[in-house]
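Me: Hi! Could you walk me through this protein chain, starting with how its parts are held together?
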Amino acid sequence: KDKEIGMIADLAAFPEQQAALVYDELERRYFTPLITRVSKMKEEFGFIYWEVETDRGARRFTTRGSHDSTIPLTDTRLLLMDVDGNRFEIMDYRDLEPRIAKQVEALM
């Protein structure tokens with residue numbers, strides 16, 4: 001249980017049906033909505049409460065106020081981990097409303 005049993009070097013090497021099954025499972029396990037807009041971001045008692053629009057619809061979630069919840073993937077691309085272990089991605093925080101972008105930048 002929970003042991004790596006192999007790696008797939010090239011998913012294209014699989015028959016189309018099998019590749020689709022693998023892709024669907026990866027999508028399910030690594031579901032990471034892309035944040036397109038931050039409606040509200042409130043910091044309180046060491047937590048940040050987010051209200052966002054994503055490519056999968058509106059979401060509300062909570063992250064810890066520490067830098068552990070905000071993982072820079074590049075200089076401008078971020079991965080947010082909420083308190084329940086869900087992931088959200090911001091492709092370029094500079095594209096957010098300037099006030100929000102400053103708050104997000106402070107988390108990096």
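Reply: Happy to; we'll go through the core, the strands, the aromatic rings and the charged pairs.

Me: Before that, what kind of model is this, and how are residues numbered?
Reply: This is a predicted model, where local features need pLDDT of at least 70 and side-chain atom pairs count only at pLDDT 80 or more, while totals for chains, interfaces and linings use all residues. Residues are numbered from 1 along each chain as its sequence is written, and side-chain values use heavy atoms, with hydrogens and water left out.

Me: What does Met41 touch?
Reply: Leaving aside residues up to four places away in sequence, Met41 touches Ile48, Tyr49, Trp50, Ile100, Gln103, Val104 and Leu107. Contact means heavy atoms within 4.5 Å.

Me: Switching topic: how many bridges join β2 to β3?
Reply: Eight, and β2 and β3 (residues 57-64) run antiparallel. Two strands pair if DSSP finds at least two bridges between them. β2 and β3 form a hairpin with two residues between them, and Tyr49 stands opposite Thr62 in β3.

Me: How many aromatic pairs turn up in the whole structure?
Reply: The search finds two. In one of them, the rings of Trp50 and Phe61 have their centres 5.6 Å apart and their planes at 10°, so the pair is stacked. Rings of Phe, Tyr and Trp (its six-membered ring) pair if their centres lie within 6.5 Å; planes under 30 degrees apart count as stacked, over 60 as edge-to-face and the rest as tilted.

Me: Are Trp50 and Phe61 buried or exposed?
Reply: Trp50 is buried, with a relative accessible area of 1%. Phe61 is buried too, at 6%. Phe61 also forms a stacked pair with Phe88, at 4.0 Å centre to centre and 5° between the planes. That pair links distant parts of the chain, with Phe61 in strand β3 and Phe88 in strand β6, 27 residues apart.

Me: Which residues form one aromatic cluster, then?
Reply: Trp50, Phe61 and Phe88 do.

Me: Last topic: how many salt bridges are there?
Reply: The count comes to five, where a salt bridge is a side-chain nitrogen of Lys or Arg within 4 Å of a carboxyl oxygen of Asp or Glu. Among them, Lys42 pairs with Glu44, with the closest N and O atoms 3.6 Å apart. Another links Glu97 and Arg99, at 3.4 Å between the closest N and O atoms.

Me: Is Lys42 buried, exposed or in between, and what about Glu44?
Reply: Lys42 is partly exposed, with a relative accessible area of 39%. Glu44 is partly exposed as well, at 30%.

Definitions and conventions. Buried means under 20% relative accessible area, exposed over 50%, partly exposed in between (1.4 Å probe, protein chains only). Helices (H or I, at least four residues) and strands (E, at least two) are DSSP runs, numbered from the N terminus.
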